[in-house]
Amino acid sequence: MSRFLLPLIAFAILIPIFVIGLGKDPSQLPSPLINKPAPQFELPSVTDPTKTVGSADFENQMAIVNVWATWCVGCRQEHGFLMRLSQSGTIPIYGLNWRDNLPEAQRFLQQLGNPFVDSAFDQDGRVGIDWGVYGAPETFLVGADGTVLFKQLGPLNQTLWEQNFVPLIEVARNKR
Amino acid sequence: MKVLGVTLTLLLLTCAAYAIDTTEAFEDPEMQARYEKIIEEVRCLKCQNQTIKDSNAFLASDLRREIRRMLTEGMTDQQIFDFLVDRYGEFALYRPRASGKTLVLWIAPVVLLFGGALLLWRIVRQRMALPIDDESGEEA
């Protein structure tokens, strides 16, 4: 009896492990920045490179930091949603233009619209490294106290927004 | 035939032309050795089964550049690994640290090895106690 029971038990234990393991996307890595202070930065602005944009601009307010680039397909995909989000006035969106080309980035915003309060131009990707960015688009939710509350990997859309961001924003706003 | 052999050998050697890291070596050979050892142990997050030494993704080249900078600034290997783990998590290291989260990675092989050995020993002992009946066993 135990001859069949033991492998059966082992099988029953392994299956849920495999199911969970297969269901996970290995490209979605958890960010060690969650609940830690957002990294400080100050960079030239994409729209006007003589000015600077930085983490000081969204000090004491909740904000979205969106990592984008013109070479990134997912960024074009989520652009429509970001435009709608910015028009709704729910939360200010700051852009981190990562490893890009300035004239192309400017053209991108002119052609598709600019959902960002401002975008920081991170040409050599140094600020990206501080934020643990490994593939655009990535979207961070930063609380008013400057802690990173959430990181979304890949293109954002209404469903992901409602699922992952809205509850956190509500909790943070009710706490104040 | 000889020409073919030479051609094929030369063709095999072209792999060396695909060197990923084209930056100049450190003047100090000891520093260069440290640099090469570090980049062999850091995962490229964009192309997960490559180290940043093997990858030509721009994230890998950015990380190599940062590691060079930190080395020239005199940071220790430990500080450099800490820098990476703080930003990208433990997964960035090919050799995970022995901590609570990665404990299972470290002890699982030992547990499995000894568990397997124990099982084998028990089965062998059990079978040794059985009478030898080779001839009749073949028919069954």
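In this predicted model, chain A and chain B bury about 1500 Å² between them, with 58% of that area on carbon and sulfur atoms. On the chain A side, a trio stands out: A:Arg99, A:Ile129 and A:Tyr134 supply 38% of the area that chain A buries against chain B, more than any other three residues. In terms of contacts, 18 residues of chain A meet 18 residues of chain B.

The polar side of this interface is also worth a look. Three salt bridges are found between chain A and chain B. A:Asp130 takes part in a salt bridge with B:Arg87, where the closest N and O atoms are 2.9 Å apart. Five residue pairs are in polar contact across the interface of chain A and chain B, both residues of each pair being at pLDDT 80 or more. On the side of chain A that touches chain B, helix α4 (residues 126-130) gives the most, with four residues. By class, the residues on this side of chain A comprise nine nonpolar, five polar and four charged.

Chain B itself comes in two parts, domain 1 (21-97) and domain 2 (98-129). The centres of these two domains of chain B, taken over C-alpha atoms, are separated by 35 Å.

B:Gly89 is placed in the loop that runs between α4 (77-88) and α5 (103-129) of chain B. Its relative accessibility is 11%, and B:Gly89 therefore counts as buried, the cut-off being under 20%. Apart from residues up to four places away in sequence, B:Gly89 touches A:Pro32 and B:Leu84.

A:Ser45 sits in the loop between β1 (42-44) and β2 (52-54) of chain A. With a relative accessibility of 1%, A:Ser45 counts as buried because buried means under 20%. Its side chain is joined to that of A:Thr47 by a polar contact of 3.0 Å. When neighbours within four places in sequence are set aside, A:Ser45 is in contact with A:Lys51, A:Thr52, A:Val53, A:Asp118 and A:Ser119. Of these partners, A:Thr52 and A:Val53 fall within the residue range of strand β2 (52-54) of chain A.

Technical notes
Residues are numbered from 1 along each chain as its sequence is written. Chains are lettered from A and ligands numbered from 1 in the order in which they are written. This is a predicted model: local features need pLDDT of at least 70, side-chain atom pairs count only at pLDDT 80 or more; totals for chains, interfaces and linings use all residues. Side-chain values use heavy atoms; hydrogens and water are left out. Domain bounds come from an automatic or database domain assignment. Contact means heavy atoms within 4.5 Å. Buried area is the accessible area (1.4 Å probe) that two parts lose on being put together, summed over both. A salt bridge is a side-chain nitrogen of Lys or Arg within 4 Å of a carboxyl oxygen of Asp or Glu. A polar contact is a pair of N or O atoms within 3.5 Å; within protein, one must be able to donate a hydrogen and the other to accept it, and residues adjacent in sequence count only if both atoms are side-chain atoms. Helices (H or I, at least four residues) and strands (E, at least two) are DSSP runs, numbered from the N terminus. Ala, Val, Leu, Ile, Met, Phe, Trp, Tyr, Cys and Pro count as nonpolar, Asp, Glu, Lys and Arg as charged, and the others, Gly among them, as polar. Buried means under 20% relative accessible area, exposed over 50%, partly exposed in between (1.4 Å probe, protein chains only).
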